[in-house]
Amino acid sequence: MAEMGSKGVTAGKIASNVQKKLTRAQEKVLQKLGKADETKDEQFEQCVQNFSRQLTEGTRLQKDLRTYLASVKAMHEASKKLNECLQEVYEPDWPGRDEANKIAENNDLLWVDYHQKLVDQALLTMDTYLGQFPDIKSRIAKRGRKLVDYDSARHHYESLQTAKKKDEAKIAKAEEELIKAQKVFEEMNVDLQEELPSLWNSRVGFYVNTFQSIAGLEENFHKEMSKLNQNLNDVLVSLEKQHGSNTFTIKAQPSDNAPAKGNKSPSPPPDGSPAATPEIRVNHEPEPAAAATPGASLPKSPSQPAEASEVTCGTHPAAGAQEPGETAASEAASSSLPAVVVETFSAAVNGTVEGGSGAGRLDLPPGFMFKVQAQHDYTATDTDELQLKAGDVVLVIPFQNPEEQDEGWLMGVKESDWNLHKELEKCRGVFPENFTARVQ
């Protein structure tokens, strides 16, 4: 009990909270059965509906904006790879090489600047806009609970007044509790009645500013990119004018039994002739000379069938080469895919492995799903909520009753509390998902 008291939790407070939940549950049952009237505020309910719609729209906009930013980054990487290819094929003695390299550098800088401005002027503004919703949502839920408390106190007071045997002491106490419950409810109600319409009206200006910023940034980006592309086109036109008239004779490789045909262009050889297909040797048995030289050929993998063909095109793998399959995926990704795709693929593979190994660890709470880290401080407004400081790590677990989970809220236990107590009943609580970011 001393330990509970040191954290500001007493047995009396726990009992009071349990009694409150029980009283609220009873009151809701009576209201649903029509045995108790319920205080209604249609104007406030409309404000709550608008709030929910506004939150849904904002969350979708945030998701789509992040997708757009990921696409910009992927296009940047693809453009970078394309320019690197141009630099590699552009021979040193060709005119305009330095100009082409400079254009590629400016192209890269332009993509970086565009992405950063989108983050600063759109995404961060979006995050700030949505950051106010979790607090208001929790206050709406709390107002609902206080309204039930007010109705319950009112019904209790009325039942004592209409009883055949009146107990003035009980009536006085019930009246005092009613006044207190009404005051708490009305204070919260008045604040929300002012804030919700104001928040709803603010959406117009926010959407206008957000999409104006995106449209303006995209317009400037394409203007600058258009200039770079025009400059690159001019460089390539100049190269074509100086080298386009040159004739490069392509000679066919003569076969061993066919004489050379002078300078005339040979007609296409029939399919299967040496000039029509590359030189491919199919060896079903190792050559004697290769077998006699140590290290001249590699042993076959145990997984390969003995009758598999060996196809060579004039080159042999190095003696220290890795087995096929060990690096195929990584080489393919690094050579042909944008870096952002490779990073995503690698993170997905690593995350699967790590998540698979961590989910069964004995030092994690039952039902552990993943970890999140608080990005902002969050002050708990009810006893079933977690108090968070920026940087706190929370172990997310499922709700015991999924129907109790509100949209945008998660159930979890702070990692520090779990490591100290290992007891879910003492440590778990709900918290707004928007205040955190997933880390595992």
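The charged end of Arg-203 sits over the ring of Trp-200, 3.6 Å from the ring centre. A charge counts as over a ring if NZ of Lys or CZ of Arg is within 6 Å of the ring centre and within 35 degrees of the ring normal. Arg-143 is placed likewise over the face of Phe-44, at 3.5 Å from the ring centre.

The model is predicted, so local features need pLDDT of at least 70 and side-chain atom pairs count only at pLDDT 80 or more, while totals for chains, interfaces and linings use all residues. Residues are numbered from 1 along each chain as its sequence is written, and side-chain values use heavy atoms, with hydrogens and water left out.

Rings of Phe, Tyr and Trp (its six-membered ring) pair if their centres lie within 6.5 Å; planes under 30 degrees apart count as stacked, over 60 as edge-to-face and the rest as tilted. Tyr-90 and Trp-94 have ring centres 5.6 Å apart and planes at 70°, so this pair is edge-to-face. Tyr-90 is buried, with a relative accessible area of 3%, whereas Trp-94 is partly exposed at 25%. Here buried means under 20% relative accessible area, exposed means over 50%, and partly exposed lies in between (1.4 Å probe, protein chains only). The rings of Tyr-129 and Phe-133 are also edge-to-face, because their centres are 5.4 Å apart and their planes stand at 70°. Tyr-129 is buried, with a relative accessible area of 6%, and Phe-133 is buried at 1%. Ring pairs join Tyr-129 and Phe-133 with Phe-51, Phe-206 and Tyr-207 in a cluster.

Next come the helices. Helices (H or I, at least four residues) and strands (E, at least two) are DSSP runs, numbered from the N terminus. Helix α4 (residues 97-130) packs against helix α6 (residues 168-243) at an angle of about 175°, with the axes 10 Å apart. That makes α4 roughly antiparallel to α6. Axes are lines fitted to C-alpha atoms, for helices over the stretch in contact, and angles run from 0 to 180 degrees between N-to-C directions. Angles under 35 degrees count as roughly parallel, over 145 as roughly antiparallel, 65 to 115 as roughly perpendicular and the rest as oblique. The residues of the contact divide into 18 nonpolar, seven polar and five charged. In this division Ala, Val, Leu, Ile, Met, Phe, Trp, Tyr, Cys and Pro count as nonpolar, Asp, Glu, Lys and Arg as charged, and the others, Gly among them, as polar.

The strands considered here form an open sheet of five, in the order β6-β5-β4-β3-β7, with antiparallel pairing. At its edges are β6 (429-432) and β7 (436-438), each pairing on one side only. Two strands pair if DSSP finds at least two bridges between them. Neighbouring strands of this sheet are turned by 50° against each other on average, direction ignored. Strand β3 (residues 370-374) is joined to strand β4 (residues 393-397) by four bridges, and Phe-370 stands opposite Val-396 in β4. Four bridges also join β5 (residues 409-414) to β6, where Leu-410 stands opposite Phe-431. Both faces of β6 are covered: Gly-429 and Phe-431 on one side, and Val-430 and Pro-432 on the other, are all buried.

Most residues other than glycine have a negative phi. Lys-422 has a positive phi of about 60° although it is not a glycine. Lys-422 is partly exposed, with a relative accessible area of 39%.
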